[in-house]
Amino acid sequence: MELREGLCAGQWPNSSSKELSSDPPSSYSEFNSHQGQQKWPNSSILDYGVRIEPSFRGFDQSSEVHAVIPLDLSNKSKVLGPEDVHMQDTEEANNIPDWDPSAMLNNLSFLEQKIHQLQNLVQLIAGGGGQVLGRPTEVAQQHQLITADLTSIIAQLISTAGSLLPSAQNTFTTDLPSMGQLAQPGEVLGVSAGVQPQNNGRSKISEESNQIDKNANHGVEHNNHMDEHDFKDEEDADDGENLPPGTYEILQLEKEEILAPHTHFCAICGKGFKRDANLRMHMRGHGDEYKTPAALAKPHKELGSEPVVIKRYSCPYAGCKRNKDHKKFQPLKTILCVKNHYKRTHCDKSYTCSRCNIKKFSVIADLKTHEKHCGKDKWLCSCGTTFSRKDKLFGHIALFQGHTPAIPIDETRGNGGGPADHSTGIEVINKGSVNSVTFNFGPSTPGETVVHNIMDEKGNLDDPTACFSPLNFDTCNFGGFHEFPRPPFEDSESSFSFLLSGSCSYPPKIGAESSSNNNL
Amino acid sequence: MEESMELRAMKKKKKKNTTTTTTTEESLTNFFDFLSEELVVLILDFLNENPFDRKSFSLVCKYFYSVEAKHRKTLKPLRSNSKHLGSVLTRYPNLTRIDLTLCPRVADNSLAEISNACKANLRSIDLSRSRFFSGTGLLNLALSCENLVEIDLSNATELMDSGAAAVAQAKNLERLWLARCKMITDLGVGCIAVGCRKLKLISLKWCVGVGDFGVGLMAVKCKEIRSLDLSFLPITDECLPSILRLQYLEDLVLEGCFGIDDSSLEVLKCSCKSLKKLDLSSCQNITHVGLSSLTNIAGENLEELTLSYVSPVTSVLADSLRGLPMLQTVKLDGCLVTSAGLKAIGDWCVSLRELSLSKCSGVTDDGLSSLVIKHRDLRKLDITCCRRITYVSIAHITNSCSALTSLKMESCALVSREAFVLIGQRCRFLEELDLTDNEIDDEGLKSISRCSKLSSLKLGICLDITDKGVAHVGFSCSKLKELDLYRCTDITDSGISAIASGCPDLEMINIAYCKDISDDSLVSLSKCSRLNTFEGRGCPLITSSGLAAIATQCKQLVKLDIKKCFKIDDAGMVSLAYNSQNLRQINLSYTAVTDAGLVTLARISCLQSLTILHLDGLSPGGIALALLACEGLTKVKLQTSFKSLLPHPLLKHLEGRGCAIQWRDKVLQAELDPLCWKLKLEDIMY
């Protein structure tokens, strides 16, 4: 199955890369500039090339005959005849990275054939017009087919023409012999992004960032554990999969690519598109089978039934565990995983929950999921973290020193309005002291000075070694979270303030008064 | 006791002096001042048995008063309103334990009072019978009294999680009872688990809101736990592993935990080596299959095993329990027992000290005999309602287990009268004997009277005994504290007088439906000054004068049942009201007491339970007045007909005060023939 993928990727080596290059021109030129500056990245890319190429070659030589058969089987459409296969074979034989006139010739002859077939098709429609006229849908479908074919031909023509252009393309292809096979701009660009810090002269950074990343990841996972709003990502799901390195193909999309509001993704290279039509157009670049009317009409249909090379994705963020340069690299399974992972881990949280105004998310789906449950999170820890499930809360409390379950506010209030013979004075006072106790849970709240005040005022009432001192939070690895790319306590901190605002219906100062009043 | 009497005499003497002499002379005559404080404290250390002794002591002089106040460590106040409490607490500065079981209403301000007065001195507080406090009061207590190690919050059915969170502030807490705190959930228990890390004992019995999470967290956080009561909690095998990992756990009660089944016991690989007591009674979903793996869970240190109402005791089960080398106590109440199972228990290499087979069906002479022959060290044996056993069993028991201190054999109807003679002859060390509903006669009783250590004797519905037999008991069993003669219809005044003169320590007597007993018995019983429970129901000859004798002499009277003593009237109530200041429970149904008597009775400040049904002389006004005056009431039984006659605001007020009114609508039943209480032999044979 690897072979087949290889074939697909290799069919239109030059054209595909060129076609794509026209798509995001800016990033491409950026890439080229990097090429000019340094030789270093090339080596890494070469690495990739080497990794993939041998397997490809191996198959190429030993099982070329076999390769034909699956291809033949796969191409059920009448468009690709045996000649096509033959043509592809020859092309593979001439699989030279440099511009090749014979390849160009092949391309042109293919185009010619294509135009001829289209001609036949139109003739057929014109001939049987009377019959078909009764069914307008069918006409429309045929029309669509023709237009699709035409556009594909045009695109092909442009890409073929593009390969003739000198300068940039030329250097590119000569410098990177493996590019043709890889034919994945995302990959190339991603690598360039990953290399960037090294260009800046910080050679040790990757080591360091790996180190930080460990913490960061720990923090993140940790947070996941505590707060299920951070979702057990799909990206975590493949943790247990443990594919040995090299058995899968690693793709890395560029940051911009990930963040682009795309909904349609290329199953081969991972590139995203706003419109499915654009994706289909793009797919054509990956091989002839995508040019069939069937493939164009219903994308990916055939792909599903075909065996494919396992693809895994790498996060472009240098130092991230999901980045392929990381020592303990854990690949991401799908593009969606990449997108969600990148946004959750390396982006600002720009979506705020409109209900609680506290929780922030970087993935809108997360926000929506949260909003469904927002306010229903009744399981609250003294540290301010909320849980929608009781077992999560108790798991959290069992894990950490000094954290205790927080009693819902309404209950405290309800209990307060108890029997009639209570003196309300004491009621209020005690409320105050309850609050002051809750107050002390905070690790380093915005109002840290207030915490200290209360601590002082409580004096001998409160054991300074009690679990609620901020010290304990340090022991739980909560200190120094500023280093984290994404503070694991960002949420809890804010919800902590929520706790304060919610439960402190009395000003915290009352806590101080209580001790004096109690003496009355 | 005697000391205090002496001192009281001195006090009286002193009073006389003060009336006749001037103040300067008085200061000279107060020779108590010459006693050093250490000496007085030493005397005080001996005044423990009777709570009145200390009171008398403190009334001797100012010096004694102050020493006693300083010496007193525990306090059991009658009232908990903050005014009263405040003065009491200032008088006793060194209190370490406050028992509030006599105060049904303890509001938060009372707790605030206690916490401010006692501060760090207070180590223990009992709130198990009190209501109306909330988390705020408890928080006050926990924060002020930092040395609190013991809190009993049982029956705080309205206590919420916030209350539990307040308790969690008592960082040094070691023992905590939360039985029947139904409103507490996992959250509250979680707070306690996190806050009170030194907990050694916790009872969560009937805390039905607490499940695996709370208990599991408790086991994870409180590593010091020795005793854990989880009865009737909806827990499953989820929390069991962490419980069994508690390295000091000695006592584990899992009674009625329906969520624990065979599979949860089988899965458990970890064993708790420290476990000494395990109670799995009424765990309906445990069968012999799960119990067979019990030896894995409870290590070799298990001493007490309770499997009541669980699984049939077969030889298979008994064999599977062989591997518990330290076992001393086995309780199998209510289980189906086979003879083979009993024999297999007999084959255990351990020698049991305590065995309970009450209500076990299938206990036969054969099985029981083969068991007791092997376990000769048995101290306590309970074979209540083992209806199939006969003389043979008793002969074997008495023959091999001569060291028995407790034998309970209620309703062993097939045991012949000769068997009881054997008990008296061979088991001389008996302290507790329950022969209720048996065929014992005077001859047997005479033999049993040789057990001179007997402190509790129950002879209810033993229709064959007469004054003669009871007189033997009175003559020989001077340590008797509890005597039950319920429906022993042949007993008369002479029998009771023999008991009264021979058993000065008598604390509880039941002569209900001994219809021939008259005031003479009560007068003689008034010699037993420690009497705290008198059940004289259905003795129509008793009058107010008899009652007055009891009331004036038995100051410790707590529980009084004079239902159907038709002749008792207001005069009896007057003497009760003036003398029995400790009376907590009274049943006056069918007596001749009227409004006046009831209102007088309301003077008794610690009266908690009052049953007044079928009293012809009562009017709604009188009842209302009495109920209003008697502030300590928690439970009143009234006839339904009064429900509409009493003002609604009054009922509301009583309810708010913590008094529950139970409305009854039962008509007078004719007295049944005494014999009908006896189980017919036909019913037993099957």
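Student: What pLDDT does chain B average, and what share of its residues score at least 70?

Tutor: This is a predicted model, and pLDDT is the predictor's confidence in each residue. Chain B averages 88, and 93% of the residues score at least 70.

Student: Over which residues is the pLDDT below 50?

Tutor: Residues 1-7 of chain B are one such stretch, with eleven contacts in the model beyond near neighbours in sequence. Over residues 11-24 of chain B the value also stays under 50, and the model has five contacts there beyond four places in sequence.

Student: Which scores does the predictor give the complex?

Tutor: The complex has an ipTM of 0.74 and a pTM of 0.63.

Student: How many helices and strands are there in chain B?

Tutor: Chain B has 30 helices and 24 strands. Of its 686 residues, 56% are buried.

Student: Among contacts between residues at least 6 apart in sequence, what share join residues at least 24 apart?

Tutor: In chain B that share is 74%.

Student: Now a single residue. Where does B:F429 lie?

Tutor: B:F429 sits in the loop that runs between α20 (417-426) and β15 (432-434) of chain B.

Student: Why is B:F429 classed as partly exposed?

Tutor: Buried means under 20% relative accessible area and exposed means over 50%, with partly exposed in between. B:F429 has a relative accessible area of 45%, so it is partly exposed.

Student: Which residues is B:F429 in contact with, leaving aside neighbours within four places in sequence?

Tutor: They are B:S402, B:A403, B:L404, B:T405 and B:K453. As for B:R450, 21 residues from B:F429 along the chain, the two C-alpha atoms are separated by 9.4 Å.

Key: Residues are numbered from 1 along each chain as its sequence is written. Chains are lettered from A and ligands numbered from 1 in the order in which they are written. This is a predicted model: local features need pLDDT of at least 70, side-chain atom pairs count only at pLDDT 80 or more; totals for chains, interfaces and linings use all residues. Side-chain values use heavy atoms; hydrogens and water are left out. Helices (H or I, at least four residues) and strands (E, at least two) are DSSP runs, numbered from the N terminus. Buried means under 20% relative accessible area, exposed over 50%, partly exposed in between (1.4 Å probe, protein chains only). Contact means heavy atoms within 4.5 Å. pLDDT is the predictor's confidence in each residue, from 0 to 100.
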